[in-house]
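Here's a quick tour of one protein structure. Have a look at it first, then read on.

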Amino acid sequence: MVLFVCFEQLSPIFLYNSVSWSTLAMNTTVVAQLQRQFQDYIVSLYQQGFLDSQFSELRKLQDEGSPDFVSEVVSLFFDDCSKLINTMSRSLEQPDNVDFKQLDSGVHQLKGSSSSVGARRVKNVCISFKECCDVQNREGCLRCLQQVDYEYKMLKTKLQDLFNLEQQILQAGGTIPQVDIN
Amino acid sequence: MTRDQVGEELPNLAESKLTALVVDDSFVNQTIHQKLLNRLGIKNDVVTNGKEAVDVYCSGGNYDLILMDMDMPIMNGIQATKRLREMGIESKIAGVTTRANEGEKKEFMEAGLNDFQEKPLTISKLLSILHKLNFYVQT
């Protein structure tokens with residue numbers, strides 16, 4: 001009888017511990033899976049040319065004091081994209097009155113900020129865009145404008161997915177893997 | 001030393017009490033350059049064009065290092081550098097720009113720069129500037 005009571009008193013502890021260990025094991029697996037997913041995803045973004053090594057440099061600057069540094073900087077970049085694309089679109093509106101100087105200035109700024117965040121595809125479109133501005137090719141500029149708009153929006157979606165994965169890892173109690181691409 | 005996310009040890013120059021002024025019209029670059037400087041322990045301020053940089057000095061401000069962008073509205077980096085040197089300002093000025101053709105670089109250097117780096121800036125490029133300008137001795 002006494003043994004039975006003791007067992008009943010003890011068993012919740014044993015049960016609790018075995019549940020805790022089981023939860024911990026499951027959680028570790030979930031974290032590992034998310035980390036793997038993150039690693040594969042970010043590598044694919046580099047391999048597909050969305051990002052270059054400058055994005056790695058930004059990630060290196062993120063620390064405990066500024067845990068959202070990368071997302072804040074890319075958010076500023078996407079704001080730049082939106083504003084500059086609007087301005088450049090207006091410059092290109094009138095076929096007989098294109099302000100190529102203003103257009104060139106906009107392309108230069110966009111090239112600069114895309115280069116600063118490692119937005120490789122956007123930067124590359126800006127290089128072609130500048131060439132079209134230099135020869136005052138309005139049709140070429142319009143195509144580049146469309147392309148740059150597409151590329152920045154595509155990158156924005158991809159990076160949002162990446163940041164969501166980061167949040168999932170952190171919420172599951174894990175750490176963000178270091179992925180150094182050079 | 002401080003550790004960055006990949007575990008590399010970076011010099012902490014806080015004890016040297018270096019100060020820097022970031023002169024750039026791009027919010028993206030302002031944020032990155034300030035973060036780079038903060039990471040190395042260098043206190044810094046930011047202005048958005050060359051005229052603001054000149055005004056800061058006219059108001060009695062002074063910095064050990066100026067990171068000067070080239071293309072800015074109102075007063076660009078070349079004009080601002082020339083103006084500061086005309087005023088007798090001896091702060092070290094490092095030009096940072098995406099414009100890298102030899103002619104533009106030469107014109108910027110001749111305005112009075114002490115060093116020049118192509119954007120985008122990274123920790124290693126900033127350390128290279130600091131080393132070149134004798135603010136930091138690499139060990």
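## The overall fold

Chain A has 6 helices and 0 strands, so its pattern along the sequence reads α-α-α-α-α-α. Helices here are DSSP runs of H or I with at least four residues, strands are runs of E with at least two, and both are numbered from the N terminus.

This is a predicted model: local features need pLDDT of at least 70, side-chain atom pairs count only at pLDDT 80 or more, and totals for chains, interfaces and linings use all residues. Residues are numbered from 1 along each chain as its sequence is written, chains are lettered from A and ligands numbered from 1 in the order in which they are written, and side-chain values use heavy atoms, with hydrogens and water left out.

Of the 182 residues in chain A, 42% count as buried. Buried means under 20% relative accessible area, exposed means over 50%, and partly exposed is in between (1.4 Å probe, protein chains only).

## Helix 4 and its histidine

Helix 4 of chain A covers residues 100-117, and A:His108 sits in it. UniProt, in an unreviewed entry, puts the feature "modified residue: Phosphohistidine" at A:His108; such annotations may be inferred rather than shown by experiment. Is A:His108 buried or exposed? A:His108 counts as buried because its relative accessibility is 17%.

Just past the end of helix 4, A:Gly118 takes a positive phi of about 85 degrees.
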